[in-house]
Amino acid sequence: MLSTLILVPLLGAALIGFLPQKKPDTTRSIALAIAVSVLILNLVLGFQFNPTITGFQFAEDLPWIEWIGLNYHLGIDGLSLPLVFLNSLLTLIAIASSSKSIERPRLYYSMLLLLSAGAAGAFLAQDLLLFFLFYELEIIPLYFLIAIWGGKRRGYAAMKFLLYTAFSGILVLASFLGLVWLTGASSFDYEPLRTQNLAVNSQLLLLAPLLIGIFIKIPIFPFHTWLPDAHVEASTPISVLLAGVLLKLGTYALLRFAVGLFLEGWVVLAPWMAILAGISALYGASCAIAQKDMKKVVAYSSIAHMAYILLAASATTRLSITAAVFQMVSHGLISALLFLLVGVVYNKTGTRDVDSLTGLLNPEKGLPVTGGLMILGVMASSGLPGMVGFISEFLVFRGSFPIFPIPTLLCLVGTGLTAVYFLLVINKVFFGRLTESLSQLPKVRWVEHVPAFALMTLIITFGIQPSWVVHWSEVQAVTLLTGG
Amino acid sequence: MVSTKTIKSSKSLLIDEYIQKLEQGEALLQDSPQNLLEVVGILKSYGVVLDAYSVNLCYIANTQFLVLFPFFKYFNGEINPKKLARYIWQDRINFEYAEYCMKSMFWHGGGGLDAYVDSPEFLAVIKQVIKAKFKYNPFMLGLDKLFPDFLPEHMRQMAFYSGLGQFWRVMSDIFISLSDRYDNGEIKSIPDVVQHILDGLVADAARPITYTVKVKDQTYDIIPKSAGITFLMDTGVPYVEAIFFRGTPFPGTISYNAQAYQIPYDQGMFNYGALYADPLPIGSSGIPPTLLMQDMRHYLPDYLHEYYLHTTRGEDDLKIKICQTFQKSMFCVTTAAVKGLAPHPLDTQDAKEKQANRAYLTNWLKRLLESQLVKVNS
């Protein structure tokens, strides 16, 4: 069952890539059909998943390269299920929002599906080395997706992304190898390694490279500089996947490996991590205020919002770990929506410069639906009640405040600043009088808004009924913290 | 300094250019087949809408006077569940726009009608009407004693309802007949449109504007024929001044802070009228001109609707396109008014008459150059 979540997009990528030249529409339709089928498989999996059981379900364990201790071991629990679902949903949305006239469609859609397969594999892997392989695998398609279909400085941004994330991978691998070496384990299997008792000093020694690697991926200040460049140069669908899925690999690794494998060491470092989260949140928010490019505002907003996950992970309470998982889902949905909408604005106006845009809410000549959705997205990101952002941030702060009050307050200021920088953008871009130069914009077809409406529906649904997501991860939060 | 001089000279050059055009029998709006199609088409739909506005304004003036809570004033006396449902569903003519125009006229004043409603004769009749209407209502009579200006002011407003209703009755007929003549191939250019409107205005220039109400079988001539209020000078000219030129600022089309004197203190310096309106914000809810555009879109002739469908965003920015065309048509009506009110025929060869005409036209054009005139001709 779990293998199909990896194999279907993987085979789909191969099918699209190696079949004879097709029309762009046909290629897109095949990619869409594959993405829809993966999403359906995910839904089936979600219904069959039992949230009351601790540990991994639907496990698949096959020996692979035994002499290096690598097994093809997959499993799913309350931590990975929401992220696997998010991955398949955002892949579908990325394909649906891709231009029909995109150049080299076969390579493009193959890379998208390969990326999806890599991310799914990383979320499902129960073998550290297998996780690393998938963690590295998704870098390749993403590099090409930025380098080939990106903006003017795509080469620079793609190379920077590659160097940073490859270095991140090396550090993660070093930590995993060190763990196996120090524990004397015979394989990289996750569960046996969790139960090994390592001295706190040894844990700290292994945690350091792991955390730096993860912080690059999330990214956390000061390891973040690749992200704004990558977002600005990436096309809209790639930004959606970058923010919605790729960054989650970092936070997933943080919970699964840093907290899951080195809990005692993590607790020692947690106060410093919480302070770093507060600084990162404020830094991201402050940078967002200073930006003139709408996409950079959303990118820096991501840095701020991802820091909340670090804060929640640092608190290591049942509530905060549950909140961290929920914040991942919440950020994935909201940032994907915001990037989609910025993409529509850019597509129609040819610019993302806040100073060049004004009055786009004009009901007849502007982009009123885009503007309306943007306002809703901004409300969700700012944590307004009734939307998923409110629940996730409330849970994060509620779960973290008793343990780390000062860093939590710093993050609370950061969330207040979210409203500031986004309202500055909304006010400049959407309100006021439409300028003459913007008065002949092409109209946005309803179909172009379907992905945004789908995300908005989920943002509101999970905002009103958060237990549909929370109940998946509550039990797993306890398992992570108790080693059970 | 150099730039200011340049601006001044280019302005006066533009004024000279327009004066020359008017003297040669042309209109303020450039003559082109596209402009002709747009103007005639939009005036047809405007004519239909004006007819409805006119009927409703006269209905309100004749039957809703001294009714302090006229809940069903837009129903023209026909109240049934079907009409009520349509009203609640907003599937109706936006009579609020007609009231907006009436209030604008009432506020800016000017002309014989405005002067007459402040006359002792008017007040004397009003007092009789109030007494008759509230003969068995001591509460209202007491209220009238306590606030003696309140009900007369209400009746002054009713006089403007009636005055504007009668004015639009004539204008509606002029625009519908223009469309019929265009369909018959008699109207072939923008100057033909202007001439048709001018002929209509001149034909009815002296038409009396009267207002009579009935209270319990007794009729009261609130504006009798003997008051000498006429169609053109007492309602037409104040209407053009109030609606085409001055208007009123309202949030949505402009942003202002009245306390910071961002709107002129003097009403005469207002330039928020139809000729100055910015078409881009049209379409936003709550903005009065949007109501007119909403109404007109239902009555567009097929050829104009077809034309709109193939330009810019098709149906999506229809109201803005209607507004832009409407402004074009209003420049034709303004041309007719300017020609009709000129001291001498504009094609006169007499030097003195020509000089008087030029002074007259310069005053008009100084105001018009600030409007959307240059834009619609660009």
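**Figure 1. Residue classes in the lining of the largest pocket of the predicted model.** The lining of the largest pocket comprises 19 nonpolar, 11 polar and 10 charged residues. Here Ala, Val, Leu, Ile, Met, Phe, Trp, Tyr, Cys and Pro count as nonpolar, Asp, Glu, Lys and Arg as charged, and the others, including Gly, as polar. The model is predicted, with pLDDT of at least 70 required for local features and 80 or more for side-chain atom pairs, while totals for chains, interfaces and linings use all residues, and side-chain values rest on heavy atoms without hydrogens or water. Residues are numbered from 1 along each chain as its sequence is written, and chains are lettered from A and ligands numbered from 1 in the order in which they are written.

Figure 2. The volume of the largest pocket is about 1,100 Å³. A pocket is an open set of points on a 1 Å grid over the protein atoms alone, with protein on both sides within 12 Å along at least five of seven lines, whereas a cavity is a set where a 1.4 Å probe fits but cannot get out; lining residues have an atom within 4 Å of a point. Among the 40 lining residues, S97(A), S99(A), T236(A), P237(A) and N347(A) are the closest to the centre of the largest pocket. In chain A, α3 (80-96), α10 (226-233), α11, α14 (318-349) and α18 (446-464) each contribute at least two residues to this lining. Helices are DSSP runs of H or I with at least four residues, numbered from the N terminus.

**Figure 3. The second largest pocket, with residues of chains A and B closest to its centre.** This second largest pocket has a volume of about 560 Å³. Of its 25 lining residues, those closest to the centre are Q440(A), Q324(B), K328(B), K375(B) and V376(B). Two or more residues of the lining come from each of α2 (33-63), α12 (302-309), α13 (318-341) and α15 (373-377) of chain B. The largest share, 5 residues, belongs to α13(B). By class, the lining of the second largest pocket holds 5 nonpolar, 13 polar and 7 charged residues.

**Figure 4. The largest cavity and its lining in chain B.** In the whole structure, 7 cavities of 30 Å³ or more are found. The largest cavity has a volume of about 140 Å³, where a volume is the space filled by probe spheres set on the grid points, which are joined across faces, edges and corners. The largest cavity is lined by 17 residues, and F167(B), M171(B), Y239(B), V240(B) and V333(B) are the closest to its centre. The elements giving two or more residues to the lining are α2, α8 (150-183), α10 (231-246) and α13 of chain B. With 6 residues, α10(B) gives the most to this lining. The lining of the largest cavity consists of 16 nonpolar and 1 polar residues, with no charged residue.

**Figure 5. The second largest cavity and its lining in chain A.** Of the 14 residues that line the second largest cavity, H305(A), H331(A), I334(A), S335(A) and S381(A) lie nearest its centre. In chain A, α13 (294-315), α14, α15 (368-381) and α16 (388-400) are the elements that give two or more residues to the lining. Helix α14(A) gives the most, with 6 residues. By class, the lining of the second largest cavity has 4 nonpolar, 9 polar and 1 charged residues.
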